[in-house]
Amino acid sequence: MDTPITFASDGLTLAGDLHIPDGHRPGEKLPAFIVLHGFIGSKDKSHAEIMARLLEGFGYAVLRFDFRGCGKSEGKRGYVLCHDQVADAKSALNWLSQRPEVDPKRIAVIGHSFGAAVACYAGAVDQRFAAVVSSCGWGHGERKFRGQHPTPEAWAKFTGMLEANRAHKETTGEALTVPRFDVVPMQEHLRKNLSPNALMEVSADTAQSMFDFKAEEVVHWISPRPVLFLHGADDTVTPTEQSIRLWEKAGQPKDLVLITGTDHFPLAAGNPRTAGLLKGWLDVHFPASR
């Protein structure tokens, strides 16, 4: 079952849902996951919720939550900065580690897309996370954006937007608001996988924050804790090379799984192959039962 909860992060109230598996016994301390949603997305009706319910079914306690500025959480709508999200992930860990159902020494973090980049960074800089799973994530913002805006014309438009935002802030003190797909393009047929609560506009400051964010620079700090990089081999949203480079820079134990025939949402429609790959890795590196 899952229960709505709230917790504080930098003075803001963030909304979450705590999942406790059926059959949990009073006094039992479960291993747990914190689930991080994607780009200006939501914990609800999303890939993050699919992840949370899958992990609950595997026997883990799970906390999924909305980052500040997203979903049901407080914060300026669509104003999302990468290091603020890292702070939110650490605040979620503070809260979850106090729960009586949870073993505070066995809390892992999993994220999808933008949430995966944050998971890698948070897992690297906060040694309390016991394991990290990155799904279709990225580690170098500028190189990621070059892959998402690959033609000279597209790159000029994107970098022009960043330049226009800097000029606008110098004049007005406020950031521009831009369409989400101008920042992270996505083919029409994939958009059905977005939460209905996902935002369609975002601050251009968010794009600049992502441009500057480099989880690659710290990912080696996760070692000797285990890390798994999952990525669709045919991802048309986040370039697959991003997970390959993260894996190359990470320390052992590390695994990289590229899922053939899969785009940006590897667990969508209950993909049993991806779920099985994840379960097999967890059974070895972060099992639900001792």
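**Entry 1: Arg 64**

I started with Arg 64, which counts as buried at 2% relative accessibility. I am working with a predicted model.

Which residue does Arg 64 form a salt bridge with, its closest N and O atoms 2.6 Å apart? I found Asp 44. I then placed the two along the chain. Arg 64 sits in strand β4, residues 61–65. Asp 44 belongs to the loop between β3 (30–36) and α1 (47–58). The two are 20 residues apart, so I noted a link between distant parts of the chain. Asp 44 is buried, as is Arg 64.

**Entry 2: Glu 49 and its partners**

Next I looked at Glu 49. Its closest N–O distance in a salt bridge with Arg 64 is 3.8 Å. This pair also links distant parts of the chain, with Glu 49 in helix α1 and Arg 64 in strand β4, 15 residues apart.

Glu 49 has a salt bridge with Arg 53 as well, at 2.9 Å from N to O. What separates Arg 53 and Glu 49 in helix α1? They are four residues apart, which means about one helical turn.

Glu 49 has a relative accessible area of 15%, so I logged it as buried. Arg 53 comes out at 36% relative accessibility, so it goes down as partly exposed.

Asp 2, Asp 17, Lys 43, Asp 44, Glu 49, Arg 53, Arg 64 and Lys 72 are linked in a network. How many salt bridges does the whole structure hold? My search gave 23.

**Entry 3: aromatic rings**

I turned to the rings and counted 14 aromatic pairs. I looked at Phe 33 and Tyr 60 in detail. Their ring centres are 5.2 Å apart and their planes meet at 80°, so I noted the pair as edge-to-face. Phe 33 lies in strand β3, and Tyr 60 in the loop between α1 and β4. They are 27 residues apart. Both are buried.

Trp 138 and Phe 213 form another edge-to-face pair, 5.9 Å centre to centre with 75° between the planes. Trp 138 is in the loop between β6 (132–135) and α4 (141–148). Phe 213 is in the loop between α7 (204–212) and β9 (227–232). That puts them 75 residues apart. Trp 138 and Phe 213 are both buried.

**Entry 4: charges over rings**

I looked for charged side chains over ring faces. Arg 191 lies over the face of Phe 181, 3.7 Å from the ring centre. Lys 254 lies over the face of Trp 247, at 4.6 Å.

**Entry 5: strand β9**

Last, I examined β9. Is this strand mostly covered or uncovered? Six of its six residues are buried, so far as the entry goes. On one side I listed Val 227, Phe 229 and His 231. On the other I listed Leu 228, Leu 230 and Gly 232.

Then I checked the strand's neighbours. β6 and β9 run parallel, joined by four bridges. Val 132 has Val 227 in β9 as its bridge partner. β9 also pairs with strand β10 (residues 254–259) in the parallel sense, over six bridges. Leu 230 stands opposite Val 257 in β10.

What do β9, helix α8 (residues 241–249) and β10 make? I wrote down a right-handed β-α-β unit.

Methods
Residues are numbered from 1 along each chain as its sequence is written. This is a predicted model: local features need pLDDT of at least 70, side-chain atom pairs count only at pLDDT 80 or more; totals for chains, interfaces and linings use all residues. Side-chain values use heavy atoms; hydrogens and water are left out. A salt bridge is a side-chain nitrogen of Lys or Arg within 4 Å of a carboxyl oxygen of Asp or Glu. Buried means under 20% relative accessible area, exposed over 50%, partly exposed in between (1.4 Å probe, protein chains only). Rings of Phe, Tyr and Trp (its six-membered ring) pair if their centres lie within 6.5 Å; planes under 30 degrees apart count as stacked, over 60 as edge-to-face and the rest as tilted. A charge sits over a ring if NZ of Lys or CZ of Arg is within 6 Å of the ring centre and within 35 degrees of the ring normal. Two strands pair if DSSP finds at least two bridges between them. A crossover is right-handed if, with the strands pointing away from the viewer, the path from the first strand over the helix to the second runs clockwise.
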